[in-house]
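Thank you for making time for this. I would like to take you through one model, and I will begin with a term that we shall need along the way.

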Amino acid sequence: MVTRVNPPSADRTSPPAPPDAGPRPAPALSEGVRVRVLRLVYGDPRAAAELVARLTERQAAGLDPLPAEPADLAPETLRAHRHEIRALPDGTRLVLLLAAADQYPVATHAFLRAVAAARLDTRPLEAAEAAGIAYATAGGVGFRDAWTRIAAYETAAPADRRDAHRLLARVLHGAAETPRRSWHRGAGALGPSARLAAELTAAAARARAAGDPALSGALAERAAALCTDPGERSRLLAHAATDAWHRGDGDRSRALAARTDADALTGILALRTGHAGEAFDALLAGAVRAAGARPAPGDPPPGRDGSTARPADSSVTSPVAPHEPVAPHESGEAAGSAPAAPVTHLLARAAEAAVYTGDLRRCREAALAAGQSGIDPPGVLGGIAAAVDGRYEDARNLLEATAGRCGPGGDPTLLLHAGIAALMLGDHTRAATATVRAAAAARARGVTAAVSQAMEFRAYADFWTGRPRAAEAAALDALRQAYATGQDNGACHLQAALAMFAALTGDEALCRERAAAARSYALAHALGLPAALAQWALAFLDLGSGRFDAAAARLRALAASGPGHGHRAIRHLATPHYVEAAVRTGETRVARAAHADYDRWARAVGSADDLALSARCQALLTPGADAVEHYRTALRLHAEGTRAFERARTELLFGSALRRLRRRTEARDRLHSAMEAFESFDAPHCAESARAELRALGAPAAPGRGDRRPTVHLTAQQLLVARMAADGATNREIAARLALSPRTIDHHLRGVFTRLGIRSRIELVRLLADADAG
């Protein structure tokens with residue numbers, strides 16, 4: 001029973017500063033670090049300033065994880081809250097300690113039962129209410145803020161904290177409460193205990209299977225603290241690190257992983273936060289080691305077919321949790337021997353690392369490792385390896401098998417790979433379905449970190465199928481999630497995707513800023529995918545603005561870029577744009593060679609969209625009236641596909657060709673259709689190209705439609721900025737929240753005012769209110 005609250009000794013949360021220490025300037029923060037700092041300090045600006053001043057240069061740059069413990073985050077802020085707690089009567093502090101122990105760091109909702117069991121008097125809580133520190137609620141006690149709750153817990157003496165946890169453990173009786181009872185038993189322990197460590201480990205496995213990584217991680221960390229075996233402690237910390245990663249706490253995950261010898265886990269973290277090439281090497285090496293490992297004691301024996309029956313929580317026997325990579329028992333992939341599950345996990349992630357680097361030949365290495373392990377290459381691995389070797393039909397069959405695994409309720413990673421495979425096959429509808437289901441499955445399983453990764457690839461499908469506003473809004477949300485969860489590599493990919501959206505809308509300033517940010521980070525981390533996508537975005541901007549020489553030069557550079565700087569898949573996707581720019585500048589010889597390979601792939605996969613674009617390329621490369629039939633073929637195939645924006649671009653090119661051939665009536669129809677499509681996609685510079693062709697034809701080119709609500713004229717980015725400005729946020733505050741510069745926000749607001757025909761924020765507030773009311 002809790003019987004006392006002894007005053008603690010002097011606050012020792014931070015060492016005294018040396019006599020000559022003076023205030024040092026706050027380091028410049030990377031965008032991801034800035035977002036995570038605010039998250040770590042619960043949005044408290046003073047605590048954020050204190051934490052920033054304490055960061056090392058490597059932490060400020062995102063190279064090292066941020067502090068994880070409250071006392072290391074903002075000791076002065078915590079010290080002030082502790083002072084308030086110490087000023088309260090002993091009885092009040094006792095009640096607050098019990099309430100805090102019930103909520104922090106694991107919420108157990110047992111406060112009222114503990115009060116009744118110990119017959120505690122809760123009237124002393126009135127002193128805390130009078131001081132504005134805490135207040136009574138229907139379920140127990142509410143604290144003024146998170147720092148107050150932490151201070152109420154940490155101000156108490158260790159013995160009193162242990163008593164509080166033991167009391168809470170006594171009143172948790174239900175079967176569903178077993179993991180939380182184990183947590184309090186572990187928190188109330190005096191020292192190492194193999195028995196309690198085993199109990200906590202089992203409780204962590206149950207919580208993990210139930211999709212509660214916050215609870216399983218806390219249990220695994222506590223089990224590690226009570227464990228006496230160094231090897232077992234390392235394994236438990238690896239589980240805790242994986243759980244922290246799943247719940248979106250990348251800094252804690254990296255800090256815990258550094259205390260283990262789990263190289264595979266380090267590779268997984270590097271895939272999302274570090275050097276992609278190093279991530280591939282670590283993951284492939286981990287897969288090779290796992291393939292050569294013998295079954296651990298206690299592993300189930302192989303079945304008659306040689307496969308191994310995995311336990312419900314396969315992470316108990318593997319340092320890699322089951323929902324981060326693809327687990328054979330969830331995906332239906334064959335498992336050869338006991339080590340096959342971790343091998344499959346690691347090879348799936350190695351494939352992703354190869355995709356991010358752009359060094360797709362590395363997929364061949366991973367596929368070879370899979371063959372040597374006696375398992376089928378997981379996910380997109382086999383398809384990419386076949387495509388790199390030029391075996392396009394084999395690649396199509398392997399990718400089709402992977403894309404077909406996009407049913408609801410599947411494993412998040414399996415669904416993500418299905419989405420990537422569908423994108424490679426040009427099946428954007430199935431890609432959108434798979435990636436949305438991947439995000440939903442990740443949320444359902446508590447795997448927060450996987451949500452933004454699924455949305456990275458969803459953006460491609462939305463973009464090409466004529467939903468750029470939805471794609472931009474989703475990508476902006478995913479960008480914030482990526483930064484908040486410590487996935488700076490994913491954030492870089494999303495920045496590049498947002499650069500492409502800005503290129504589509506003709507927002508040159510934003511496109512260049514996004515592309516520059518993406519390329520700078522990508523080149524430092526060997527991320528060939530976002531580097532290539534950012535380069536393509538700039539080329540697309542040039543192409544839409546009529547700067548054909550610049551577009552061709554950028555796309556030639558993209559074709560020549562090696563791993564870590566470019567990407568073969570992006571180069572392939574950009575081929576139709578390169579052919580267009582090259583024909584405009586007279587570079588037809590190289591354009592014909594590029595088109596020949598593109599056509600071979602399009603015919604192998606049978607995608608209507610790819611075949612349509614190949615026919616468009618052929619039309620561009622064919623002189624005079626002979627091009628007309630190729631354009632007609634392209635439009636017929638576009639009608640069977642989903643890339644609505646590219647169909648509009650084909651109509652624009654066809655209309656221009658018909659104008660030059662003096663086929664005025666059909667040219668006018670095609671150009672009007674293209675202009676209306678571009679307006680619906682919020683692509684004003686492309687719409688203006690269609691108008692210019694109509695003017696050259698001598699036909700009237702009506703201005704953009706004016707019967708829509710004013711806000712529909714804004715891009716998703718402009719609408720987001722406008723709403724923040726209308727809510728009273730300053731340009732600097734909006735810039736901080738959207739990972740942009742204040743100058744770019746100023747540019748956006750000027751564009752908003754111009755498009756809406758207004759001059760002030762007051763008018764903006766009124767207009768948005770009227771639009772929402774309508």
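A residue is called buried here when its relative accessible area is under 20%, and exposed when that area is over 50%. Trp 601 has 6% relative accessibility, and therefore it counts as buried. Please keep in mind throughout that what you see is a predicted model.

The protein chain has 42 helices and two strands, and of its 774 residues, 56% are buried. If we take the contacts between residues at least 6 apart in sequence, 66% of them join residues at least 24 apart. The accessible surface comes to about 30700 Å², with 54% of it belonging to carbon and sulfur atoms.

Returning to Trp 536, and leaving aside its neighbours within four places in sequence, we find it in contact with residues including Trp 464, Met 500, Leu 555 and His 577.

His 81 sits in helix α5, residues 75–86, and with a relative accessible area of 11% it is buried.

Let me turn to the aromatic rings, where the count comes to nine pairs. In one of them, the ring centres of Tyr 392 and Trp 601 are 5.1 Å apart and the planes stand at 90 degrees, so this pair is edge-to-face. Because Tyr 392 lies in helix α22 and Trp 601 in helix α33, the pair ties together parts that are 209 residues apart in sequence. Tyr 392, at 5% relative accessibility, also counts as buried.

The rings of Tyr 631 and Phe 654 are arranged otherwise: their centres are 5.0 Å apart and their planes at 20 degrees, so this pair is stacked. It links helix α35, which holds Tyr 631, to helix α36, which holds Phe 654, the two residues being 23 apart. Both partners are buried, Tyr 631 with a relative accessible area of 3% and Phe 654 with 0%.

The peptide bond from Tyr 104 to Pro 105 is cis, with omega near -5 degrees, and Pro 105 lies in the loop between α6 and α7. Arg 119, in the loop between α7 and α8, has a positive phi near 55 degrees although it is not a glycine, and at 76% relative accessibility this arginine is exposed. Arg 662 likewise has a positive phi, of about 65 degrees; it is placed in the loop between α36 and α37 and, at 73% relative accessibility, counts as exposed.

Methods
Residues numbered from 1 in each chain as written. Predicted model: local features only at pLDDT ≥ 70, side-chain atom pairs only at ≥ 80, totals over all residues. Heavy atoms only, no water. Helix = DSSP H or I, 4+ residues; strand = E, 2+ residues; numbered from the N terminus. Buried < 20%, exposed > 50% of the residue type's maximum accessible area, 1.4 Å probe, protein only. Contact = heavy atoms within 4.5 Å. Areas by Shrake-Rupley, 256 points an atom, 1.4 Å probe, with all protein chains shown as cover. Phe/Tyr/Trp six-rings, centres within 6.5 Å; stacked < 30°, edge-to-face > 60°.
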